[in-house]
Amino acid sequence: MSKVTTIAQALENVQDGITVMIGGFLAVGTPEILIDALIAKGTKELTVIANDTAFPDKGIGKLVANRRLKKVIVSHIGTNPETGRQMNAGELQVELVPQGTLAERIRAGGAGLGGILTPTGLGTIVAEGKTVITVDGREFLLEKYLKADVALLKAHTADTAGNLLFHRSARNFNPLMAMSADIVIVQAENIVEAGQLDPDQVMTPGIVVDWIVRE
């Protein structure tokens, strides 16, 4: 059965207050059409897990600027002054996570793990309130897994069965997030019939993808 659908149907389960993972790195590999549709739909009070909040007029930054978020879990916010302003004003919760730790926490969610052990952040504010575990004489922080209700991703090419290809650096967090959300929605630049993609080139298998929308 084809997973290609309309934006309205794909976003039907994206309701106020849920947790959403959004692919991209400074808006590269970010599904802009899906973000614009969320804004038009009026969806609000979202918790977003992403690498960053991009720029005020691009990617996740548009959700920040339109005040649709209650919390972000990201590796940095430096390119979006509005995120910092809302954080300092107490209007937006911001959880900053070292980038490698963020990627591994998302991977752990997709792998069914309870979390990861990492030395990153020991002795800093990152470690506040977290469990420290000693392994072979070394200390590690226990960082809990991350999962989401919905993942919004962007692919270069998808087939109608949901198999995905990503283009160069636009791959970034997209494949990890595809494994770590209950519902996976993909904006694709190109859509081909099932069977037209070389199986050896598929980066994300269609079994984890629920909906595809045309760019």
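Predicted model: local features only at pLDDT ≥ 70, side-chain atom pairs only at ≥ 80, totals over all residues.

What radius of gyration would a compact globule with 215 residues have, and what does the protein chain have? For 215 residues, the expectation for a compact globule is near 17 Å, and the protein chain has 17 Å, which agrees. Along the principal axes, the C-alpha trace spans about 50 × 40 × 25 Å.

Let me continue with the chain as a whole. Its secondary structure comes to 6 helices and 11 strands. Of the 215 residues, 47% are buried. If we take contacts between residues at least 6 apart in sequence, 70% of them join residues at least 24 apart. The chain exposes about 10,000 Å², and carbon and sulfur atoms supply 51% of that area. As for charge, there are 20 positive and 24 negative side chains, and the centres of the two sets lie 3 Å apart.

Helix 2 covers residues 32-41, and its buried residues are Leu-34, Ile-35, Ala-37, Leu-38 and Ile-39. Just after this helix, Gly-42 takes a positive phi of about 90°. Which residues take a positive phi although they are not glycines? Leu-26 is one of them, with a phi of about 50°. Leu-26 sits in the loop that runs from strand 1, residues 19-22, to helix 2. Glu-45 is another, with a phi of about 60°, and Glu-45 belongs to the loop between helix 2 and strand 2, residues 46-49. Leu-26 counts as partly exposed because its relative accessibility is 27%, a value in between the 20% limit for buried and the 50% limit for exposed. Glu-45 is also partly exposed, with a relative accessible area of 43%.

Next comes the loop between strand 2 and helix 3, residues 60-65, where we find Thr-53. Is Thr-53 buried or exposed? Thr-53 is buried, as its relative accessible area is 0%. Beyond its neighbours within four places in sequence, Thr-53 is in contact with Ile-60, Gly-61, Val-64, Val-72, Val-74, His-76, Ile-77, Asn-80 and Thr-83. By C-alpha atoms, Thr-53 is separated by 19 Å from Ala-181, which is 128 residues apart from it along the chain.

Ser-75 occupies the loop between strand 3, residues 69-74, and helix 4, residues 81-88.

Ala-103 lies in helix 5, residues 99-111, and is buried, with a relative accessible area of 17%. Not counting residues up to four places away, Ala-103 touches Phe-173 and Leu-176.

I close with two glutamates. Glu-143 is part of strand 7, residues 138-144. At 2% relative accessibility, Glu-143 counts as buried. With which side chain does that of Glu-143 make a polar contact? The partner is the side chain of Lys-130, at 2.9 Å. Lys-130 is also among the residues in contact with Glu-143 beyond four places in sequence, a list that includes Thr-101, Arg-105, Gly-115, Ile-116, Thr-118 and Val-126.

Glu-128, by contrast, counts as exposed, at 59% relative accessibility. Glu-128 is found in the loop between strand 5, residues 115-118, and strand 6, residues 132-135. From Glu-128 to Leu-141, 13 residues apart in sequence, the C-alpha to C-alpha distance is 10.0 Å.

Thank you; I am glad to take questions.

Definitions and conventions
Residues numbered from 1 in each chain as written. Heavy atoms only, no water. Helix = DSSP H or I, 4+ residues; strand = E, 2+ residues; numbered from the N terminus. Buried < 20%, exposed > 50% of the residue type's maximum accessible area, 1.4 Å probe, protein only. Contact = heavy atoms within 4.5 Å. Rg over C-alpha atoms; globule rule 2.2 N^0.38 Å. Areas by Shrake-Rupley, 256 points an atom, 1.4 Å probe, with all protein chains shown as cover. Lys, Arg positive; Asp, Glu negative; His and termini not counted. Charge placed at Lys NZ, Arg CZ, Asp CG, Glu CD. Polar contact = N/O pair within 3.5 Å; in protein donor to acceptor, adjacent residues only side chain to side chain.
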